[in-house]
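Q: Could we go through this structure together? I would like to start with the terms and then turn to the ligands.

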Amino acid sequence: MTFLLLRRATQLGLILLYVSAFSWNQQVLVGNLSASSLFDKVILADPFAVLQMLLAGIELDERTLIGATIILAFYALIAGRSFCSWVCPVNMLTDLAAWIKRRVPMLNKGGRQTVHINRDFRFWVLGLSLILSAVFGMAAFEAVSPVSLMHRGLVYGFGVMGIIVLGAIFLFDLLIQRNGFCGHICPLGAFYTLTTRINLVRIRYDRDSCSDCMDCKVVCPERQVLDMIGHQSAVVTKSACTNCGRCIDVCPDSSLGFVLRTKPADFRRYKKEPNLTHESNLRRNHEAA
Ligand code: SF4
Ligand code: SF4
């Protein structure tokens with residue numbers, strides 16, 4: 001539970017800073033997840049929101065552009081897609097849906113999904129958000145973003161629209177598609193997946209100590225990134241990994257852990273080889289989905 005607790009503390013701690021700015025006029029972090037002022041000195045801006053605004057023809061000041069570059073560089077070079085698991089408040093909702101889904105067999109339907117959405121669909125939504133921003137002269141995803149809705153709800157209180165949209169996402173993840181919104185639809189998650197290919201902080205897997213329980217693949221929200229499990233020691237190179245650390249939390253053999261990629265081999269993508277001896281474990285993993 002270590003990383004789960006750390007993530008919740010980070011997500012809720014950030015919300016608390018925004019609440020304290022609103023309620024008690026503290027100046028530590030003021031604004032929202034699209035653009036915030038840190039200690040009233042540095043602007044931190046969401047690079048995807050800034051990209052939409054630029055395409056919409058909205059003029060942005062230098063501080064906002066620098067703020068977006070700082071955030072983009074932090075995730076692209078160091079933390080990877082960790083915005084999704086350590087910052088975004090929607091993650092608390094979708095994690096809850098995934099947790100319930102794993103525990104209620106009726107919702108699993110033996111691993112069968114009611115509908116199947118390709119994980120690449122999110123990249124089409126990302127492209128569409130950018131096109132619509134340019135066409136309508138407004139940041140298209142920001143206008144409907146569940147991330148902003150949930151953030152606003154937690155800081156200022158939920159409105160009817162927030163409850164409807166977030167409720168729909170929760171039910172979609174729970175009843176229709178596992179990890180449905182974050183893993184298949186959200187263009188912000190897709191943006192960070194595309195821009196974090198070379199970041200240093202990654203998950204490393206050790207084949208020798210692994211007892212093939214496959215618990216990591218059961219809890220991973222992007223299990224396709226763990227294709228080396230049961231096969232060979234490797235670093236998770238696929239950028240859809242959110243660095244959530246759930247795989248580390250549940251591994252009984254301590255075969256997974258965070259590492260800093262330093263060697264060229266750590267950047268090389270694992271190529272899957274057929275390994276029939278692990279078929280039963282993989283089938284179990286599929287059924288648990
Ligand atoms: S995919 Fe989108 S909604 Fe989900 S955690 Fe990432 S930014 Fe938030
Ligand atoms: S591989 Fe581990 S850290 Fe990455 S998304 Fe899956 S559970 Fe999270």
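A: Helices (H or I, at least four residues) and strands (E, at least two) are DSSP runs, numbered from the N terminus. By that convention, L260 lies in strand β6 (residues 256-260). The model is predicted, so local features need pLDDT of at least 70 and side-chain atom pairs pLDDT 80 or more, while totals for chains, interfaces and linings use all residues. Residues are numbered from 1 along each chain as its sequence is written, and side-chain values use heavy atoms, with hydrogens and water left out.

Q: Which residues are around ligand 1?

A: Counting a residue if one of its heavy atoms lies within 4 Å, they are R81, F83, C84, C88, V90, V147, F181, C182, C186, L188 and G189. The elements giving two or more residues to this shell are α4 (82-87), α11 (180-185) and α12 (187-195).

Q: And which residues are around ligand 2?

A: The shell of ligand 2 consists of I203, C220, P221, V225, L226, C241, T242, N243, C244, G245 and C247.

Q: Changing topic, how many salt bridges are there?

A: The count comes to nine salt bridges, each being a side-chain nitrogen of Lys or Arg within 4 Å of a carboxyl oxygen of Asp or Glu. One of them joins the side chains of E222 and R122 (3.0 Å, N to O).

Q: What does that pair tie together?

A: E222 lies in the loop between α13 (215-219) and β5 (234-235), and R122 in helix α7 (residues 121-136), so the pair ties together parts that are 100 residues apart in sequence.

Terms used
Chains are lettered from A and ligands numbered from 1 in the order in which they are written.
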